[in-house]
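The points follow the order in which they may be checked.

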Amino acid sequence: MIRARGLGRRFGAKRVLRDLDLEVPTGGFLLVTGANGSGKSTLLALIAGLLAPTEGEVDVELPRERIGYLAHEPLVYRELTALENLDLYGRLYHVPERRETIGALLERFGLWEARHQRVGSYSRGMQQRLALCRVLLHDPELLLLDEPYSGLDASAQTLVDDVLAESVGTRTLVVASHDPEHVGPLSTQALALA
Amino acid sequence: MTYFADVAALARKDILLELRSRDTLPAMLLFVVSALVVFHFSLPSDASATASTGLLWIALLFTALLGLGRAFSAEREQRVLDGLVLAPCDRSAIWLAKSLGVLAFLGVAEAVALPAYALFFGPVGWELVAAIVLADIGLAAVGTLLAAMAAASRARELLLPLLFLPLVIPVVVGGVGATVVEDPGRYLGFLALYDLIFAILSWASFEYVVAE
Amino acid sequence: MSLRNNRAVLLAAAASVLVVAGFALALFWAPEDADQGFSQRIFYIHVPIALTAYACFGWGAWKALRLLWTREPRYDLESYTAVHMGVIFGILTLVTGSIWAKISWGVWWTWSERQLTLFLVLFLFYCAYFMLRFSVEAGPRRANLSAVYALFGVALIPVSFLAIRLAENFIHPVVFTRDGPQMSGSMFFVFCVCLAAMLALFASLYTNELAGKRIDARLRELREALE
């Protein structure tokens, strides 16, 4: 599903990733750990296709519409409501039964009451939960999650735990975290970046 | 076709954003009228009608720059552009939707600027309106692409005018020419040619500007 | 490696010979122009430089297209070097054109010279190219943006030229008469030699600068590998 050979990425003069070989089979679960600045986010962005490698190559055997990417930023418009944001992404990803799917996700992540509020007024935790809705909206086969627990309180963290638990086996997962206690047991592979 | 459905979805989003924040369009309207007033004071009393036409085009050009500077500001803020780029839609659809939005803004700005111009300076003929319509298309097409380029750089507000002005010199020539010369046909045709060439070029190369 | 060196040396030698020959021919051998006299000789330098500048921009755009097509990063360097050369020849075009205008008509600048006006527009455009490169971090993104911009540049050349011609109808500059390219046989010969000289100069400088940049990049790579 995901294959990387000699993968490297530099930003200007600074090399963030160097000579990385990787293989994640379909249904696998890769946990990426490392300190801040070790290149976890860069690796996920490379797999997602947002960045191009400066050395080597990375191959993902899926079209863009089957990939879900959770970044550091929620990638939603602050001036729009949660509903409007998800509606936009729903249209762009050609989600069938868009309204129902959006409604169900908002309910699940506890944002239904706040669906008509501008995202700019959301707390960090709410924005992260909205981002999770965005990521799951089109039922992707590959989930790339960059620090999914950041900004979440305990109850919200269980939401993420549930997502991971139900995804194991049905989806391929790559999760980056600098605090891997939650995820460790579920993962099938681990990669520690220096 | 899904392509146009994607463009429609993106355009809807842009209109919604402007209705919510209401900052770009009012600024453009105020700017263009202020510019026209400044031009009144900068023109000597014996200046010809054609000189004031030239100044109108300058005012429109810089109003366009103002609007274009804000074109990708919402996407830039939270790197939302990444979200759009990851979506399965053709990246050129992003360009098309944005250009249509910029075109709409320019249209509204001109709907205010032209009456103001008629009030302050002189009558507005059909050639001027036709030239403006054609010029807008070129300005929106090229400007949207350049705005995306500038958004990817460190020096955004500084870079956009530098990239924009040399490229739109032909538009100024076509626009002023059509207004001033006896037979505007050639100039309107030239504007149409410019629009065709650069709209196609912008449409085809937008992919490479927003995605790696 | 030595083969590439040979080519660079060969090009440099050819360029030197041609430039010296061209200048000598232009200054001493070419027939004197009936109307303009000695000052007309700068035409042999000005026009080949201008044409070479166009060739640089065209070459840069071709490499840019290759970059977007194949995504191989080496084309970025090649495109950038070509555009760089183009700007240098462009500046020379403006300078020689200005000198010619001063000698011929007594003014340092005239808008009635279409070529000169076109070069001014292009000069602005490609200076912005450098501003663009300067304000984006090195990497695939910068390569892509530069390539797209270089392509817009070559599209701009004919469109601008057309615009400048159209502008003459309402901008009404003072029109100076000038002999066009109605060249006699020997004049044409000298012109061709000078054109070949400038193109050879471009090729030689291009090869050299590219080699230098590539060595810089390689050095950086090696330094990093040692860290």
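Which residues in α8(B) meet which residues in α9(B)?

1. Pro170(B), Val171(B), Gly174(B), Gly175(B), Gly177(B) and Ala178(B) of α8(B) meet Tyr187(B), Leu188(B), Phe190(B), Leu191(B) and Tyr194(B) of α9(B); two residues are in contact if their C-beta atoms, placed from the backbone, lie within 7 Å. By class, the contact of α8(B) with α9(B) has 8 nonpolar, 3 polar and no charged residues (Ala, Val, Leu, Ile, Met, Phe, Trp, Tyr, Cys and Pro count as nonpolar, Asp, Glu, Lys and Arg as charged, the others, Gly among them, as polar).

2. This is a predicted model, in which local features need pLDDT of at least 70 and side-chain atom pairs pLDDT 80 or more, while totals for chains, interfaces and linings use all residues. Residues are numbered from 1 along each chain as its sequence is written, with chains lettered from A and ligands numbered from 1 in the order in which they are written.

3. The axes of helix α8 (residues 156-180) and helix α9 (residues 185-210) of chain B come within 8 Å and cross at roughly 155°. That makes α8(B) roughly antiparallel to α9(B) (an angle over 145 degrees, on a scale from 0 to 180 degrees between N-to-C directions).

4. Chain B has 9 helices and 0 strands (DSSP runs, H or I of at least four residues for helices and E of at least two for strands).

5. In chain B, 51% of the 212 residues count as buried (20 or more other C-beta atoms within 10 Å of the residue's own). The C-alpha atoms of chain B fill a box of roughly 55 × 35 × 30 Å along the principal axes.

Technical notes: Angles under 35 degrees count as roughly parallel, over 145 as roughly antiparallel, 65 to 115 as roughly perpendicular and the rest as oblique. A residue is buried if 20 or more other C-beta atoms lie within 10 Å of its own, exposed if 12 or fewer, and partly exposed in between; C-beta atoms are placed from the backbone.
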